[in-house]
Amino acid sequence: MAEALFRTKLMRDYPHLLAYVEAYSCGTAAIEGNPATYSAVQAMDLWEIDIEPHRASPMTPQQLRDADLIFALSRDHLLSIDRANSDSVTKATTLKYMASAAEEIIKRLEDETVENEEAARRRIGEVLWLL
């Protein structure tokens, strides 16, 4: 659900970043190939987002190493990230914390346009530093 919401917001509000951002979902206890639950599909229908084609994939240490920024849905997920790849927890935060810090991050980063991958990576680094 979080990935679908993020992708939808990115496409709607920040289409110029599509070339620089890759988002994917994986679960700390996911069973490979399981479909989204009925209640998740129904909830996303409220935002007119179709997640019926979604299939679960478990979190892997390689995914964690490859990620620039990791959003966890709970503190327990942060612990799972730490157990899977302790180096990756430094680039992870909960969505709840990110939402609470969003105003401060936006104020500090201002409204600079990201024009290439190098600039996008620099901005991600700045966000991580602020977290």
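A nonpolar core is taken here as a set of buried Ala, Val, Leu, Ile, Met, Phe, Trp, Tyr and Cys residues joined through side-chain atoms within 4.5 Å, where buried means under 20% relative accessible area, exposed over 50%, and partly exposed in between (1.4 Å probe, protein chains only). The model is predicted, so that local features need pLDDT of at least 70 and side-chain atom pairs count only at pLDDT 80 or more, whereas totals for chains, interfaces and linings use all residues. Residues are numbered from 1 along each chain as its sequence is written, and side-chain values use heavy atoms, with hydrogens and water left out.

The largest nonpolar core of the protein has eight residues, namely Met-59, Leu-64, Ala-67, Ile-70, Ala-72, Leu-78, Ile-81 and Ala-92. Two or more residues of this core are given by each of β1 (70-72) and α4 (75-84), helices (H or I, at least four residues) and strands (E, at least two) being DSSP runs numbered from the N terminus. Not counting residues up to four places away in sequence, Ile-81 touches Met-59, Leu-64, Ile-70, Ala-72, Ser-86, Ser-88, Val-89 and Ala-92, a contact being defined by heavy atoms within 4.5 Å. A second, separate core comprises six residues, among them Ala-4, Ala-40, Ile-49 and Ile-51. In soluble globular proteins, nonpolar side chains tend to be buried together.

The protein as a whole has six helices and two strands, arranged from the N terminus on as α-α-α-β-α-β-α-α. Its radius of gyration, taken over C-alpha atoms, is 15 Å, close to the 14 Å that the globule rule (2.2 Å times the number of residues to the power 0.38) gives for 131 residues, so the protein is as compact as a globular protein of that length. The C-alpha trace spans about 40 × 35 × 25 Å along its principal axes. Of the 131 residues, 27% count as buried, and residues 24 or more positions apart account for 46% of the contacts with a separation of 6 or more.

Ile-31, in the loop between α1 (2-13) and α2 (38-45), is exposed, with a relative accessible area of 54%; Ile-31 and Met-59 are 28 residues apart in sequence and 9.9 Å apart in space, C-alpha to C-alpha. Glu-48, in the loop between α2 and α3 (61-66), is likewise exposed, at a relative accessible area of 79%, and has a positive phi of about 60° although it is not a glycine.
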